[in-house]
Amino acid sequence: MTSPLLQINDLTLTSSSRTIVQSLNLELYAGEVLAIMGPSGTGKSMLSKAIAGFLPDEIHMQGSVRISGTEVGHLPLILRSKEQRPGVVFQDALQALNPLASVEAQLALALTSSKTKLKASDKSQVIALLERLGFSEPEKTLKSHPSQLSGGQRQRICIAIALLNSTHLIIADEPTSALDPITEREILKLFKGSVKQDNLAGVLITHDLASALTCDKLLVICDGQMVAFGTPHDVISHEHAFCQQMKELVE
């Protein structure tokens, strides 16, 4: 049987004042996209940080996070091997990108970890990726700086960086909150399509129910507790009040 790319067992996150996430369990397989939903402040982003490896020092973690079978939960991002480092797409692309570096330099660093200029063999790979992500003039894009791109284009570059950085898992934390509805749909389509095309596992943190319902799996967290996990149909049929509110919005 195929092993999960992401496996979380009894994950609990606490601060000095409260429990943020308690006893969470889930599995995610290659080609699957998981949407995480729940009220604001309920632990969704902190969960993504635990998976990615950059929990704040004041947050204590118990339990297990495995990526491709390797335990990484207690390892910060910098101590993980490349195979266990998820690609991450952040909420604010303008802050995530270096305003002083060209797009080529930032993609080259994602691909090589040390170079700011693409080799000819790498450049063809990157250009093909940019074309796949909807850039009609990839050569021109490589020479550009983030300030010269639109919000949607910047978020596409962040997806490209995440794909070049990751071999197994990609996480998107509210990646479209600053975009208009049309661009939002395009970015989410690209994110989910890239996960499936590259046979990765994807985690999407979102407040948008329509987007969540198109994912393979849906996790609902309320007050740090996992209240429902499964297919979107199963989750909105759950008796919990938040799930029932979701169901009412669909009907």
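Among contacts in the protein between residues at least 6 apart in sequence, what percentage join residues at least 24 apart? In this predicted model, the value is 63%, where contact means heavy atoms within 4.5 Å. Residues are numbered from 1 along each chain as its sequence is written, and side-chain values use heavy atoms, without hydrogens and water. Because the model is predicted, local features need pLDDT of at least 70 and side-chain atom pairs count only at pLDDT 80 or more, while totals for chains, interfaces and linings use all residues.

The protein contains ten helices and ten strands, taken as DSSP runs (H or I of at least four residues for helices, E of at least two for strands) numbered from the N terminus. Of its 251 residues, 51% count as buried, that is, under 20% relative accessible area with a 1.4 Å probe and protein chains only.

Two packed helices are described by the angle between their axes and the distance between the axes. Helix H3 (residues 103–112) packs against helix H6 (residues 151–165) at an angle of about 25°, with the axes 8 Å apart; the axes are lines fitted to C-alpha atoms over the stretch in contact, and angles run from 0 to 180 degrees between N-to-C directions. H3 is therefore roughly parallel to H6, a label for angles under 35 degrees. Val-103, Gln-106, Leu-107, Ala-110 and Leu-111 of H3 make the contact with Ile-157, Ala-160, Ile-161, Leu-164 and Asn-165 of H6.

Notes
Parallel < 35°, antiparallel > 145°, perpendicular 65-115°, else oblique. Buried < 20%, exposed > 50% of the residue type's maximum accessible area, 1.4 Å probe, protein only.
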